[in-house]
Amino acid sequence: MTSVLDLAGIFVFAISGALQGVRKRLDVVGMAVLAFFTAVGGGILRDLFIGIQPAAFRDVGYLVVPVAATAVVFFWHPQVTRLMPGVLVFDAAGLGLFCAVGTEKALLFGLSAPHAVMLGVCTAVGGGILRDLLSGETPALLYDRQLYAVPAMLGATVMAVLSRLGVHDFAATLAAALLAFTLRLLAMRYSWRAPLARGVTTPE
């Protein structure tokens with residue numbers, strides 16, 4: 001079940017990367033590259049930090065799904081763009097799932113709770129960082145004005161705390177993922193923003 005959810009999250013993140021390729025007027029190869037790294041880049045970074053072979057290079061599904069997402073956007077990007085409000089809901093679900101799963105994996109490999117939280121956030125937002133860098137944008141993580149990294153951080157923290165309390169597997173993953181997912185939806189619904197330094201105004 002987790003594998004199916006994982007691939008679903010990868011598909012949604014890959015859609016985001018492919019759409020960025022359309023906005024940047026890239027060809028289909030560029031779209032596929034952005035889709036791939038947006039979808040699995042966070043997991044690759046996490047596994048490299050842990051010191052293991054990235055899961056994306058062991059399972060063909062991690063390659064096929066971004067390619068499928070690229071094909072969808074390549075042929076139907078106007079329709080996909082119109083569906084973006086719905087896609088963002090699934091994106092929030094992927095954010096919650098990946099921050100929880102990433103934290104759990106880091107803990108299983110013996111990392112401390114703070115480091116596991118860091119890698120959980122990396123799993124959730126690392127692909128977006130790579131997408132922005134590859135497409136010549138300032139990574140959105142550096143100005144988290146839509147509360148994207150903050151929900152991931154809180155979800156990862158809950159995952160680490162529950163693990164230390166002896167709550168493992170599906171229950172802990174569900175609780176952490178739901179927290180991040182709910183906070184992300186609320187941030188979108190009510191336009192919550194991360195605070196700026198005192199005296200700094202919001203850029204136009």
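Me: A crossing is left-handed if the near helix is turned anticlockwise from the far one by less than a right angle, and right-handed if clockwise. Which is the crossing of α4 and α5?

Reply: Right-handed. This is a predicted model, where local features need pLDDT of at least 70, side-chain atom pairs need 80 or more, and totals for chains, interfaces and linings use all residues. Residues count from 1 along each chain as its sequence is written, and side-chain values use heavy atoms, without hydrogens and water.

Me: At what angle do α4 and α5 cross?

Reply: Roughly 140 degrees, with the axes coming within 7 Å. Axes are lines fitted to C-alpha atoms over the stretch in contact, and angles run from 0 to 180 degrees between N-to-C directions. Helix α4 covers residues 84–108 and α5 covers 113–134. Helices are DSSP runs (H or I, at least four residues) numbered from the N terminus.

Me: Switching topic. How many salt bridges?

Reply: Four, taking a Lys or Arg side-chain nitrogen within 4 Å of an Asp or Glu carboxyl oxygen. One of them pairs E137 with K24, at 2.5 Å from N to O.

Me: Where do E137 and K24 lie?

Reply: E137 is in the loop between α5 and α6, K24 in the loop between α1 and α2, so the pair ties together parts 113 residues apart in sequence.

Me: And what does D47 pair with?

Reply: R46, at 2.9 Å, and K105, at 3.1 Å. D47 sits in α2 and K105 in α4, 58 residues apart. Shared partners join R46, D47 and K105 into one network.

Me: Is D47 buried or exposed?

Reply: Buried (under 20% relative accessible area, 1.4 Å probe, protein chains only; exposed is over 50%, partly exposed in between). D47 has 1% and K105, also buried, 17%. E137 is partly exposed at 33%, and K24 is too, at 32%.

Note on methods. Helix = DSSP H or I, 4+ residues; strand = E, 2+ residues; numbered from the N terminus.
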